[in-house]
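Please examine the helix packing in the structure shown here.

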Amino acid sequence: MADWLSPAQLLGYLAFALGLACFAQKDDLRFKLFMAGECAAYALHFWLLGEPTAVASTLVSLGRSLASIRSRSPWVALVFIGLSAGLGAWLFQGWASLLPITASIIGTSALFFLQGLRMRLLMLVGTGLWVANNLLVGSIGGSLLELTLLATNSWTIGRMWREQRQQAQAATG
């Protein structure tokens, strides 16, 4: 039971709560702000678990979440993608270490190049990669977070898709 209540796992649970709040948002700004908070808790969580690639990836994700609030520039996105790839190469510890790096690159692409429903669909792919990473490294809160985010994001995607359909039907008469 002690492992479930270690400081590392407690930070994972905090990331879990912030992630739920993030993916329940239909407003893109609130989505990105909650994501930044989630990333901050996640970075500390992975640091305490001794997972340097996940820490680096999460810190890049934190920076890109905040940067994407102010900029949608492809050049800014490319800086974050390059940073993710560079840190991933530097901290490479085997194929599993590619999971958070790839998830970070996917998330960067989603936040800078997409919005609304499309952004959330691509984030869903990244979430799947985080599920695999967290299960492999023994992150209890992280695994619960990402599995729940799959469900929460899918639910929000469904809500947004239904709203778009209703608006299209109303527009056509």
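Predicted model: local features only at pLDDT ≥ 70, side-chain atom pairs only at ≥ 80, totals over all residues.

Residues are numbered from 1 along each chain as its sequence is written, and side-chain values use heavy atoms, with hydrogens and water left out.

**Helix α5**

Helices here are DSSP runs of H or I with at least four residues, numbered from the N terminus. Helix α5 covers residues 98-113, and at 1.5 Å a residue its 16 residues should span 22 Å, which agrees with the 22 Å between its end C-alpha atoms; the expected span is 1.5 Å times one less than the number of residues. Twelve of the 16 residues of α5 are buried, so the helix is largely enclosed by the rest of the structure. Buried means under 20% relative accessible area, with a 1.4 Å probe and protein chains only. Among the buried residues of α5 are P100, I101, G107 and F112. Their cover includes α2 (28-49), α3 (52-70), α4 (74-90) and α6 (116-137).

**Two helix pairs**

Two packed helices are described by the angle between their axes and the distance between the axes. Axes are lines fitted to C-alpha atoms over the stretch in contact, and angles run from 0 to 180 degrees between N-to-C directions.

| Helix pair | Axes come within | Crossing angle |
|---|---|---|
| α2 and α6 | 14 Å | roughly 10° |
| α1 and α2 | 8 Å | roughly 165° |

Helix α1 is therefore roughly antiparallel to α2, whereas α2 and α6 are roughly parallel to each other; the cut-offs are over 145 degrees for roughly antiparallel and under 35 degrees for roughly parallel.

In the contact (heavy atoms within 4.5 Å) of α1 with α2, the α1 residues include L11, L14 and L18, and the α2 residues include F34, A41 and L48. The residues of this contact comprise 17 nonpolar, five polar and one charged. Nonpolar covers Ala, Val, Leu, Ile, Met, Phe, Trp, Tyr, Cys and Pro; charged covers Asp, Glu, Lys and Arg; the others, Gly among them, are polar.

Between α2 and α6, residues including F31, M35 and Y42 of α2 meet residues including M119, M123 and W130 of α6. By class, this contact has eight nonpolar, three polar and three charged residues.

**Residue G19**

G19 lies in helix α1 and, at 0% relative accessibility, counts as buried. Leaving aside neighbours within four places in sequence, G19 is in contact with E38, L145 and L149. The C-alpha atoms of G19 and T148 are separated by 8.8 Å, although these residues are 129 residues apart along the chain.

Terms used:
Helix = DSSP H or I, 4+ residues; strand = E, 2+ residues; numbered from the N terminus. Buried < 20%, exposed > 50% of the residue type's maximum accessible area, 1.4 Å probe, protein only. Parallel < 35°, antiparallel > 145°, perpendicular 65-115°, else oblique.
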